[in-house]
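Open the model in your viewer and show it as a cartoon. The stops below say what to select next and what is there.

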Amino acid sequence: MANKHGDFIWYELLTADLAGAQAFYGKVLGWTFADSGTPGMDYHFFFAADVDNGQPQGVGGMMAIDEEMQAGGARPVWLGYIGVDDVDACVDKLVKAGGKVMMPAMDVPGAGRMAMVTDPQGVPFYVMRGDSDQTSLSFAFDKPRPGHCAWNELASTDQKEAWRFYGDLFGWQQDGAMDMGPMGEYQFVRHGGVIGAIMPKPAEMPVPMWSYYFRVSDIDAAANAVTANGGQLMYGPAEVPGGDFIISGMDPQGAPFNLVGARPTKA
């Protein structure tokens with residue numbers, strides 16, 4: 001694995017309708033898709049066009065929620081993968097720190113070793129040691145890349161505990177904060193560069209959760225594509241520091257999603 005311990009290296013959508021999700025996100029984000037070819041698993045990769053050469057570049061995957069998963073409580077959701085040096089050692093440390101294991105560590109041929117876990121507040125994510133010797137750009141840490149994740153945001157019921165947990169586990173550090181008034185502080189996460197933020201969970205959010213912001217080239221065009229293709233706009237477009245705009249929405253299958261992008265100057 002070329003990425004350093006604590007990097008976000010992959011994103012995954014669990015959905016009850018793979019074809020519907022692909023049709024929606026293909027229109028909104030311009031992604032293309034391909035079957036993973038994994039026997040016994042309905043798993044598809046999605047790709048963004050590379051900003052340098054236009055070639056497809058893997059960003060994440062989509063997996064169908066089957067009846068067994070639904071019976072176990074699985075619902076449409078976006079999940080992130082955090083790269084680690086040693087999955088088993090990380091899981092042991094995570095459990096001692098108050099996290100839980102949802103899916104024990106396992107090897108995925110051609111991909112690496114992974115486990116699905118939660119933080120002490122019950123927020124799910126994956127830890128993974130990838131087999132690839134290529135640097136993952138699923139999270140675009142180097143420059144703006146449309147179709148890639150641009151921001152990782154945790155809304156937590158215990159902000160102080162979240163910093164202890166993720167900081168100890170992944171080496172993340174706080175790098176400044178933005179005052180949100182009665183909502184508390186929006187505290188920025190640095191891991192090499194700034195990769196996202198940890199904030200108090202808003203009262204209207206039903207559960208603590210990770211949110212991932214995927215970049216679009218034109219936020220207004222993306223907003224129109226959301227509503228034209230069966231999605232809902234819950235918030236935005238709203239301007240954020242730095243001049244970009246964000247959208248929070250719900251896809252047609254019921255998974256919350258987030259977009260970030262510019263509002264291009266019209267001639």
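**The eight-stranded sheet**

Start with the open sheet, where eight strands run in the order E10-E11-E12-E9-E13-E16-E15-E14 with mixed pairing. Its edges are strand E10 (173-179) and strand E14 (232-239), each of which pairs on one side only. Neighbouring strands of this sheet are turned by 25° against each other on average, direction ignored. Bear in mind throughout that this is a predicted model.

Next, select residues 159-170, which are helix H4. Helix H4 packs on the sheet and touches strand E9 (149-156), E10, strand E11 (185-191), strand E12 (193-200) and strand E13 (209-216). The direction of H4 makes about 0° with that of E11.

**A strand pair**

Select residues 245-250 and 256-261, strands E15 and E16. The two pair in the antiparallel sense, over six bridges. In general, strands of a sheet pair through backbone hydrogen bonds, either parallel or antiparallel.

**An exposed loop**

Go to the loop between E10 and E11 and select Pro182, which is found there. Is Pro182 buried or exposed? Pro182 is exposed, because its relative accessible area is 91%, and the cut-off for exposed is over 50%.

**Helix H1**

Select residues 18-29, helix H1. Helix H1 has 12 residues and reaches 16 Å from its first C-alpha to its last, close to the 16 Å expected at 1.5 Å a residue. At the N-terminal end, Asp17 caps the helix: one of its side-chain oxygens lies 3.4 Å from the backbone nitrogen of Ala19. After the helix comes Gly30, whose phi is positive, near 75°.

Which residues of H1 are buried? They are Leu18, Gly20, Ala21, Gln22, Phe24, Tyr25, Val28 and Leu29. As background, an α-helix has 3.6 residues a turn, so residues three or four places apart point the same way.

**The whole chain**

Finally, zoom out to show the protein with its five helices and 16 strands. Its C-alpha atoms fill a box of roughly 55 × 50 × 40 Å along the principal axes. The radius of gyration is 18 Å, which agrees with the value near 18 Å for a compact globule of 267 residues. Buried residues make up 49% of the 267. Of the contacts with a separation of 6 or more, 58% are between residues 24 or more positions apart.

Conventions:
Residues numbered from 1 in each chain as written. Predicted model: local features only at pLDDT ≥ 70, side-chain atom pairs only at ≥ 80, totals over all residues. Heavy atoms only, no water. Pairing = 2+ DSSP bridges. Helix = DSSP H or I, 4+ residues; strand = E, 2+ residues; numbered from the N terminus. Axes fitted to C-alpha atoms, helices over the stretch in contact; angles between N-to-C directions. Contact = heavy atoms within 4.5 Å. Expected span 1.5 Å × (residues − 1). Buried < 20%, exposed > 50% of the residue type's maximum accessible area, 1.4 Å probe, protein only. Polar contact = N/O pair within 3.5 Å; in protein donor to acceptor, adjacent residues only side chain to side chain. Rg over C-alpha atoms; globule rule 2.2 N^0.38 Å.
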